[in-house]
Amino acid sequence: MAFTVGMSSTSEEEFAAADERPDIRLFTVKRNYSEIAVNDIQYVNIWQNWTKASRESVGGPNFKYFSAVCWMFGRRLYDQYKIPIGLIATSWGGTRIEAWSSPTALAKCKLKHHEEPKSPQNSYSVLWNAMIYPFLNMTIKGAIWYQGEANSLYNSEIYACTFPEMINDWRKKWFEGTNGSTDQMLPFGFVQLATIDPKIPEQRFPRIRYEQTANYGYVPNPKQQNVFMAVAMDLPDDNSPYGAVHPRDKNTVAYRLSLGARAMVYGEINITFQGAIMESCKIMSMEGKSYVRVSFRGADEEGLLIKSHDGFEVQIKGTGQWTATKMIFSPSSDPVGIYLTIPSNQNVTAVRYAWSNRPCDYQRCAIYSLDYGLPSPPGLCFIP
């Protein structure tokens, strides 16, 4: 989220847009951490006090102001509804979720003590204290979140707890801090992790992507109500001067996030805000051969947009090993199903999709929605 507009691939277009949208106001919190909660905004360090949107205010220094995803998301909502919008950017690149969570939230996941991190800004609750807590008496409409890289090798196995509990805690604290004027089910959107350098062998990001959805594979879900998500795994930028983990196409990310907000926050109907979700898989026989049929829910009634036949793996019974397989067809008579080959003489027990640090080239993953062109998120299903 700290990646700034000037670093993005559409910076010039956004600078020009900012000059024409002074009804969008911007506020950027300076990076700071604290061992105790900061009670008043007057004690917050800031890079940018409330400012009208303009080329100058949007185009600040790299990794300082203004957040590209925050700006582009807000700009899209302004263009849709023509209402004044205030955007608060409070972020610190490379930080862990534990730093942004209150002690109450961390205790829900049995986190109380930890080793001293190399970076003090990653200590438990220190960014919550300095960069979130001071705003709890300010009524807000919603929040968006783009984080997870720093947890891919730290407490990744409990992110499915820490992330939902942080959301629940923020909602409770903001509702109480504003005497009920902030929705107690504060709408919360997040960006599912993009890609990482393809040369890194460890499959760190697929797991954290799934953990971001509380291990459901989609949102909203029973643990994350009123939550929406933008899938970003199909936006690799291997040549980004800021590293592959920082793709420059933030415009597509913001577009996908804005669809979720339009549907879940502003109540637009008949709008698709997520790709089709892998729902189930089973063995089927046709013409003497066995295949795995994978079904998707939320697909357009006319079917799925297939851009590639790659990205699927099957698990071999008794070994726990995953083997790449191919999609062979998606029949018109079965618009929500695709069919996968089965390795010869193998008994498969599960299927997973896009389980890779970098699952595809730019916007060339296998499954998209027909209407809005939204990618399906990573999926996992077990064969009964």
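**Close-up views of the predicted model**

View 1. With a relative accessibility of 18%, Thr-272 counts as buried (buried is under 20% relative accessible area, exposed over 50%, and partly exposed in between, for a 1.4 Å probe and protein chains only). This is a predicted model in which local features need pLDDT of at least 70 and side-chain atom pairs count only at pLDDT 80 or more, whereas totals for chains, interfaces and linings use all residues. Residues are numbered from 1 along each chain as its sequence is written, and side-chain values use heavy atoms, with hydrogens and water left out. Thr-272 lies in the loop between α8 and β7 (277–286); helices (H or I, at least four residues) and strands (E, at least two) are DSSP runs numbered from the N terminus. A polar contact of 2.6 Å links the side chain of Thr-272 to the side chain of Asp-371 (a pair of N or O atoms within 3.5 Å; within protein, one must be able to donate a hydrogen and the other to accept it, and residues adjacent in sequence count only if both atoms are side-chain atoms). Apart from neighbours within four places in sequence, Thr-272 is in contact (heavy atoms within 4.5 Å) with Leu-259, Asp-371, Tyr-372 and Leu-374. The loop between α8 and β7 also holds Asn-270, which has a positive phi of about 60° although it is not a glycine. Asn-270 is exposed, its relative accessible area being 75%.

**View 2. Ser-376 in the loop between β15 and β16.** The loop that holds Ser-376 runs between β15 (367–369) and β16 (379–382). Ser-376 is buried, with a relative accessible area of 0%. Its side chain reaches the backbone oxygen of Ala-276 at 2.6 Å. When neighbours within four places in sequence are left aside, the contacts of Ser-376 are Val-231, Met-233, Gly-275, Ala-276, Phe-296, Tyr-353 and Ile-367.

**View 3. Gly-189 in strand β5.** Strand β5 spans residues 188–191 and contains Gly-189. This glycine is buried, and its relative accessible area is 0%. Not counting residues up to four places away in sequence, Gly-189 touches Ala-143, Ile-144, Trp-145, Phe-228 and Leu-257. Between Gly-189 and Gly-260 there are 7.4 Å in space, C-alpha to C-alpha, although the two are 71 residues apart in sequence.

**View 4. Packing of helices α3 and α8.** Two packed helices are described by the angle between their axes and the distance between the axes. Helix α3 (residues 68–81) packs with helix α8 (residues 250–264) at an angle of about 50°, and their axes are 8 Å apart (axes are lines fitted to C-alpha atoms, for helices over the stretch in contact, and angles run from 0 to 180 degrees between N-to-C directions). That makes α3 oblique to α8 (under 35 degrees is roughly parallel, over 145 roughly antiparallel, 65 to 115 roughly perpendicular, and the rest oblique). From α3, the contact includes Ala-68, Val-69, Met-72, Phe-73 and Arg-75. The contact of α3 with α8 comprises 11 nonpolar, 3 polar and 4 charged residues (Ala, Val, Leu, Ile, Met, Phe, Trp, Tyr, Cys and Pro count as nonpolar, Asp, Glu, Lys and Arg as charged, and the others, Gly among them, as polar).

**View 5. Packing of helices α1 and α3.** The axes of helix α1 (residues 11–19) and α3 come within 12 Å and cross at roughly 50°. That makes α1 oblique to α3. Glu-14, Ala-17 and Ala-18 of α1 meet Trp-71, Met-72 and Arg-75 of α3. By class, this contact of α1 with α3 has 4 nonpolar, no polar and 2 charged residues.

**View 6. Packing of helices α6 and α7.** Helix α6 (residues 159–177) and helix α7 (residues 204–212) pack at about 40°, with axes 8 Å apart. The two helices are therefore oblique to each other. Tyr-159, Ala-160 and Phe-163 in α6 meet Ile-208, Glu-211 and Gln-212 in α7. The residues of this contact of α6 with α7 divide into 4 nonpolar, 1 polar and 1 charged.

**View 7. Backbone features in two loops.** The peptide bond from Tyr-65 to Phe-66 is cis, with omega near -5°. Phe-66 belongs to the loop between α2 (55–58) and α3. Val-219 and Pro-220 are likewise joined by a cis peptide bond, with omega about -10°. Pro-220 is placed in the loop between α7 and β6 (227–230). Asn-226 also lies in the loop between α7 and β6, and has a positive phi of about 55° although it is not a glycine.

**View 8. Phe-312 in strand β10.** Phe-312 is found in strand β10 (residues 312–316). At 1% relative accessibility, this residue counts as buried. The C-alpha atoms of Phe-312 and Lys-110 are separated by 35 Å, and the two residues are 202 apart along the chain.
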